[in-house]
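Please look over the structure below alongside this note. The points that follow are set out for a reader new to the subject.

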Amino acid sequence: MKFSILLYLFYLLLKTFSFFSPSFKKRLREKNITLLITTENRSRKRYYIIENGLVRSGKKIVSHPDMSLIWKDHETGYAYMRCRSIMAFMMAMRENSLRLEGKPLPSLWFMGIMGEMASHLKK
(Lines give C-alpha, C1' and ligand atoms only; values in the text may rest on other atoms or scores of the structure.)
Protein backbone atom coordinates (compact mmCIF):
# COMPACT_ATOMS: atom_id res chain seq x y z
CA MET A 1 0.00 0.00 0.00
CA LYS A 2 2.81 2.43 0.89
CA PHE A 3 4.51 1.81 -2.45
CA SER A 4 1.31 2.54 -4.40
CA ILE A 5 0.85 5.79 -2.46
CA LEU A 6 4.48 6.72 -3.12
CA LEU A 7 3.99 6.15 -6.86
CA TYR A 8 0.95 8.45 -6.80
CA LEU A 9 2.88 11.08 -4.82
CA PHE A 10 5.63 10.88 -7.44
CA TYR A 11 3.00 11.77 -10.06
CA LEU A 12 1.83 14.72 -7.94
CA LEU A 13 5.43 15.91 -7.58
CA LEU A 14 5.96 15.78 -11.34
CA LYS A 15 2.78 17.80 -11.90
CA THR A 16 3.63 20.31 -9.16
CA PHE A 17 7.17 20.88 -10.39
CA SER A 18 5.93 21.30 -13.96
CA PHE A 19 3.37 23.86 -12.80
CA PHE A 20 5.59 25.97 -10.51
CA SER A 21 8.99 25.69 -12.19
CA PRO A 22 9.28 27.07 -15.73
CA SER A 23 12.73 25.51 -16.15
CA PHE A 24 11.39 22.09 -15.12
CA LYS A 25 8.44 22.41 -17.51
CA LYS A 26 10.90 23.32 -20.25
CA ARG A 27 12.85 20.11 -19.48
CA LEU A 28 9.62 18.08 -19.67
CA ARG A 29 8.90 19.54 -23.11
CA GLU A 30 12.18 18.12 -24.43
CA LYS A 31 10.81 14.59 -24.80
CA ASN A 32 7.56 12.69 -25.01
CA ILE A 33 7.93 9.45 -23.09
CA THR A 34 5.90 6.76 -21.38
CA LEU A 35 7.35 5.38 -18.17
CA LEU A 36 6.19 2.37 -16.17
CA ILE A 37 7.22 1.83 -12.55
CA THR A 38 6.25 -1.61 -11.32
CA THR A 39 7.25 -4.64 -9.27
CA GLU A 40 8.48 -7.88 -10.84
CA ASN A 41 5.17 -9.61 -10.14
CA ARG A 42 3.22 -6.58 -11.43
CA SER A 43 1.22 -6.38 -8.18
CA ARG A 44 2.00 -2.67 -7.81
CA LYS A 45 2.37 -0.44 -10.84
CA ARG A 46 1.84 3.05 -12.22
CA TYR A 47 2.49 4.54 -15.63
CA TYR A 48 3.48 8.12 -16.37
CA ILE A 49 3.05 9.81 -19.73
CA ILE A 50 5.03 12.98 -20.32
CA GLU A 51 3.82 14.65 -23.48
CA ASN A 52 4.45 18.24 -24.58
CA GLY A 53 5.38 19.19 -21.02
CA LEU A 54 2.21 17.74 -19.51
CA VAL A 55 2.13 14.78 -17.14
CA ARG A 56 -0.58 12.11 -16.97
CA SER A 57 -0.62 8.97 -14.88
CA GLY A 58 -2.69 5.90 -14.11
CA LYS A 59 -2.61 2.39 -12.67
CA LYS A 60 -3.09 0.19 -15.71
CA ILE A 61 -0.24 -1.44 -17.62
CA VAL A 62 0.62 0.39 -20.83
CA SER A 63 1.80 -1.55 -23.82
CA HIS A 64 5.34 -0.78 -24.95
CA PRO A 65 6.49 1.91 -22.52
CA ASP A 66 9.65 3.76 -23.54
CA MET A 67 11.20 2.73 -20.26
CA SER A 68 10.32 0.63 -17.24
CA LEU A 69 11.66 0.69 -13.70
CA ILE A 70 11.05 -2.80 -12.35
CA TRP A 71 11.57 -3.25 -8.61
CA LYS A 72 12.26 -6.65 -7.05
CA ASP A 73 9.26 -6.12 -4.72
CA HIS A 74 7.19 -3.26 -3.37
CA GLU A 75 9.05 -3.04 -0.03
CA THR A 76 12.37 -2.60 -1.79
CA GLY A 77 10.94 -0.04 -4.23
CA TYR A 78 9.44 1.94 -1.37
CA ALA A 79 12.68 1.91 0.63
CA TYR A 80 14.84 3.14 -2.26
CA MET A 81 12.39 5.66 -3.70
CA ARG A 82 11.96 7.30 -0.30
CA CYS A 83 15.66 8.22 -0.39
CA ARG A 84 15.03 10.73 -3.22
CA SER A 85 18.55 10.19 -4.49
CA ILE A 86 19.95 9.12 -7.83
CA MET A 87 22.70 7.33 -5.90
CA ALA A 88 20.06 5.18 -4.18
CA PHE A 89 18.75 4.15 -7.62
CA MET A 90 22.29 3.33 -8.75
CA MET A 91 22.84 1.23 -5.62
CA ALA A 92 19.53 -0.58 -6.21
CA MET A 93 20.61 -1.45 -9.75
CA ARG A 94 23.99 -2.67 -8.54
CA GLU A 95 22.26 -4.90 -5.94
CA ASN A 96 19.82 -6.25 -8.58
CA SER A 97 16.86 -4.75 -6.69
CA LEU A 98 15.99 -2.56 -9.70
CA ARG A 99 16.01 -3.30 -13.41
CA LEU A 100 15.74 -0.72 -16.15
CA GLU A 101 14.16 -1.85 -19.39
CA GLY A 102 13.64 0.11 -22.54
CA LYS A 103 15.45 2.61 -24.68
CA PRO A 104 18.66 4.03 -23.19
CA LEU A 105 18.26 7.71 -24.17
CA PRO A 106 14.83 8.22 -22.54
CA SER A 107 16.14 6.39 -19.48
CA LEU A 108 19.11 8.75 -19.13
CA TRP A 109 16.90 11.77 -19.74
CA PHE A 110 14.42 10.64 -17.10
CA MET A 111 17.18 9.99 -14.56
CA GLY A 112 18.28 13.59 -15.14
CA ILE A 113 14.71 14.76 -14.47
CA MET A 114 14.65 12.74 -11.24
CA GLY A 115 17.98 14.22 -10.18
CA GLU A 116 16.67 17.73 -10.79
CA MET A 117 13.56 16.98 -8.70
CA ALA A 118 15.68 15.51 -5.90
CA SER A 119 17.93 18.57 -5.78
CA HIS A 120 14.88 20.86 -5.49
CA LEU A 121 13.40 18.72 -2.70
CA LYS A 122 16.60 18.85 -0.66
CA LYS A 123 16.67 22.67 -0.62
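1. Glu101 counts as partly exposed at 37% relative accessibility, where partly exposed lies between buried, under 20% relative accessible area, and exposed, over 50% (1.4 Å probe, protein chains only). Its side chain meets that of Arg99 in a salt bridge of 2.9 Å, N to O; the term requires a side-chain nitrogen of Lys or Arg within 4 Å of a carboxyl oxygen of Asp or Glu. Arg99 is likewise partly exposed, with a relative accessible area of 39%. Elsewhere, salt bridges that share partners join Arg27, Glu30 and Glu116 into one network.

2. On the basis of these values: this is a predicted model, in which local features need pLDDT of at least 70 and side-chain atom pairs count only at pLDDT 80 or more, while totals for chains, interfaces and linings use all residues. Residues are numbered from 1 along each chain as its sequence is written, and side-chain values use heavy atoms, with hydrogens and water left out.

3. The whole structure holds 6 salt bridges. In one of them, Lys103 pairs with Asp66 at 3.2 Å, N to O. Lys103 lies in the loop between β5 (98-102) and α5 (104-121), and Asp66 in the loop between β3 (54-58) and β4 (67-71), so the pair ties together parts that are 37 residues apart in sequence. Lys103 is partly exposed at 47%, whereas Asp66 is buried at 15%.

4. Glu51 and Arg56 form another salt bridge, their closest N and O atoms being 3.6 Å apart. Glu51 has a relative accessible area of 39% and Arg56 one of 46%.

5. Is Thr39 buried or exposed? Thr39 is buried, with a relative accessible area of 0%. Thr39 belongs to strand β1 (residues 33-39); helices (H or I, at least four residues) and strands (E, at least two) are DSSP runs, numbered from the N terminus. Beyond neighbours within four places in sequence, Thr39 is in contact (heavy atoms within 4.5 Å) with residues including Phe3, Ile70 and Trp71.

6. The protein chain has 5 helices and 5 strands. Its radius of gyration, taken over C-alpha atoms, is 13 Å, close to the 14 Å that the globule rule (2.2 Å times the number of residues to the power 0.38) gives for 123 residues, so the chain is as compact as a globular protein of that length. Buried residues make up 45% of the 123 residues.
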